[in-house]
Amino acid sequence: MASSTLICDSEPWKELRVHVEDIKKTHLRDLMNDTSRCHSMMMEFDGILLDYSRQRATTGTLNKLFNLAEAARVKEKINRMFNGERINSTENRSVLHVALRAPRDAVINSDGKNVVPEVWQVLDKIRDFSERVRSGAWVGATGKALKDVVAIGIGGSFLGPLFVHTALQTEAEAIECARGRQLRFLANVDPIDVARNITGLNPETTLVVVVSKTFTTAETMLNARTLREWISSALGPQAVAKHMVAVSTNLKLVEQFGIDPNNAFAFWDWVGGRYSVCSAVGVLPLSLQYGFPIVEKFLKGASSVDQHFYSAPFEKNVPVLLGLLSVWNVSFLGYSARAILPYSQALEKFAPHIQQVSMESNGKGVSIDGVPLPYETGEIDFGEPGTNGQHSFYQLIHQGRVIPCDFIGVVKSQQPVYLKDEVVSNHDELMSNFFAQPDALAYGKTPEQLRKENVAEYLVSHKTFSGNRPSLSILLPSLNAYNIGQLLAIYEHRVAVQGFVWGINSFDQWGVELGKSLASQVRKQLHASRKKGESVEGFNFSTKTLITTYLEASADVPSDPSTLLPKI
């Protein structure tokens with residue numbers, strides 16, 4: 001049992017509270033003039049360059065943060081995670097997403113049992129199944145090859161795989177492996193999402209992957225029943241077994257649904273949804289699209305960072321450094337948000353995935369022992385690829401509230417373009433902004449500089465940039481499957497480090513339960529009102545008025561409708 005002592009009562013925390021007052025008196029313009037400091041705040045690992053010199057921190061700050069990590073027993077907590085201890089204490093579970101990408105010969109125990117052989121048993125099953133589908137050995141009910149895949153899932157069963165798929169779509173090797181195939185993700189219970197996903201698809205050539213650990217997730221199972229009807233109405237009920245497979249542990253419900261239990265791919269209680277992209281949740285649909293060898297490279301990239309996170313000293317440990325700097329920004333400098341800014345369109349779904357990984361993990365109000373926290377945890381994550389974001393929300397970042405930024409760049413574009421007589425290539429134009437924006441945030445522009453440029457006096461205050469706005473830069477050598485795996489694991493472990501320092505449970509998510517519970521009450525009311533004409537009761541005045549207005553305005557919905565599928 002962990003101690004109920006809060007980290008804010010420790011001496012290192014108190015020292016940082018004093019130290020931050022000194023930092024507030026400094027400006028990044030001055031800090032960036034210290035070449036030795038900047039050099040000490042750059043490091044390379046496995047081809048990735050991390051530059052955190054534009055953080056509002058000194059080497060002394062880092063030393064104090066390392067002391068804080070020691071007081072929070074971060075190394076001990078990392079070891080406990082890798083050793084399979086049940087660090088998710090509120091759900092009494094291990095946290096072993098690292099086992100999902102471990103080498104075949106690795107030993108990672110949960111409850112005294114090495115789970116790696118089980119992981120590879122599922123991976124081998126995915127490899128075999130995906131190869132059969134892709135080769136045409138497994139065909140649909142009418143004998144046609146299954147070239148289109150719709151993966152149904154929500155939250156962690158959707159955002160992670162979508163991020164990886166989007167990142168791979170324009171990578172040269174992945175393009176070749178995916179030629180003639182398409183992968184779509186159905187997440188929202190909104191029928192518009194169903195319509196968009198089945199538009200242009202032929203049930204004869206479509207394979208549906210239903211992702212639900214319990215096979216009871218309300219939104220996922222309604223979407224699954226909808227696509228089962230789409231297949232059955234076109235090909236007959238017997239076609240379901242050839243056109244639908246499952247990622248689930250509830251084989252009984254899988255079979256009752258009409259899916260052959262042999263075509264169910266397992267994952268485990270020690271895999272949290274937002275950390276499940278390296279399980280069958282992501283590996284199955286991605287292997288069907290790109291082939292298992294591509295996905296295996298992705299797993300190896302993540303595993304490389306896992307080993308680095310586990311073994312590297314904190315001074316040279318990328319996820320630890322990022323996690324500690326995030327704690328510094330949130331808890332001491334008081335910055336409540338973080339912008340994730342990848343200068344690669346292929347990473348357009350990265351920020352939405354990290355939103356869930358970070359905000360669902362660290363958006364907590366009590367310690368792991370249930371003690372209310374006197375300090376804030378977590379941050380509001382958002383982002384957009386550069387340079388799109390520059391023409392959207394960078395105004396606020398430069399001249400409004402201070403938001404620490406993560407700039408993510410790629411040395412080699414997936415799809416280079418060169419035009420004769422242009423000053424630079426398209427990718428160089430993109431990267432010019434990647435290199436410029438962090439300095440613009442750090443240095444800003446003073447009234448004195450503006451006056452030297454003969455800017456009209458009435459515009460000086462409008463064109464002044466205060467600077468002193470922190471950022472960090474991550475430069476990837478390329479964006480292939482391996483690099484994508486690296487990037488994912490860096491952010492996963494960064495989030496864990498933040499939670500370890502704050503003393504919270506980053507691996508449960510009780511905050512999502514209440515809304516779902518209340519929605520079930522509304523669902524019963526809508527059913528009773530539609531079917532039996534019952535009035536709306538049992539809600540506050542506001543909610544009752546909203547529901548009543550909704551029912552009255554949609555009175556043309558039949559009380560006993562026949563099946564109707566979307567048509568676009």
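Which residues in α4 meet which residues in α15? T61, L62, L65, F66, L68 and A69 in α4 meet L321, L324, L325, V327, W328 and F332 in α15, where contact means heavy atoms within 4.5 Å. This is a predicted model, so to speak: local features need pLDDT of at least 70, side-chain atom pairs count only at pLDDT 80 or more, and totals for chains, interfaces and linings use all residues. Residues are numbered from 1 along each chain as its sequence is written, and side-chain values use heavy atoms, with hydrogens and water left out.

**Where α4 meets α15**

- Helix α4 covers residues 59–71 and helix α15 covers residues 318–332; helices are DSSP runs of H or I with at least four residues, strands are E runs of at least two, and both are numbered from the N terminus.
- The axes of α4 and α15 come within 10 Å and cross at roughly 100 degrees, with each axis being a line fitted to C-alpha atoms over the stretch in contact and angles running from 0 to 180 degrees between N-to-C directions.
- That makes α4 and α15 roughly perpendicular to each other, a label for angles of 65 to 115 degrees.
- The residues of this contact split into 11 nonpolar, one polar and no charged; Ala, Val, Leu, Ile, Met, Phe, Trp, Tyr, Cys and Pro count as nonpolar, Asp, Glu, Lys and Arg as charged, and the others, Gly among them, as polar.

**The buried side of α4**

- T61, L62, L65, F66, L68 and A69 are the buried residues of α4, buried being under 20% relative accessible area, exposed over 50% and partly exposed in between, with a 1.4 Å probe and protein chains only.
- Looking down the axis of α4, these buried residues fall within an arc of 155 degrees, so they line one face of the helix; the arc is taken from the directions from the helix axis to the C-beta atoms.
- They pack against α1 (11–23), α5 (74–82), α15 and α21 (481–502).

**Helix α16**

- The buried residues of α16 include F350, H353 and V357.
- Buried residues of α16 pack against α7 (159–168), β10 (337–342), β11 (380–383), β12 (405–410) and α21.

**Two single residues**

- S212 sits in the loop between β7 (206–211) and α10 (218–235), and at 2% relative accessibility it counts as buried.
- R196 lies in helix α9 (residues 191–198) and is exposed, with a relative accessible area of 62%.
- Leaving out residues up to four places away in sequence, R196 touches R184 and I568.

Note on methods. Angles under 35 degrees count as roughly parallel, over 145 as roughly antiparallel, 65 to 115 as roughly perpendicular and the rest as oblique.
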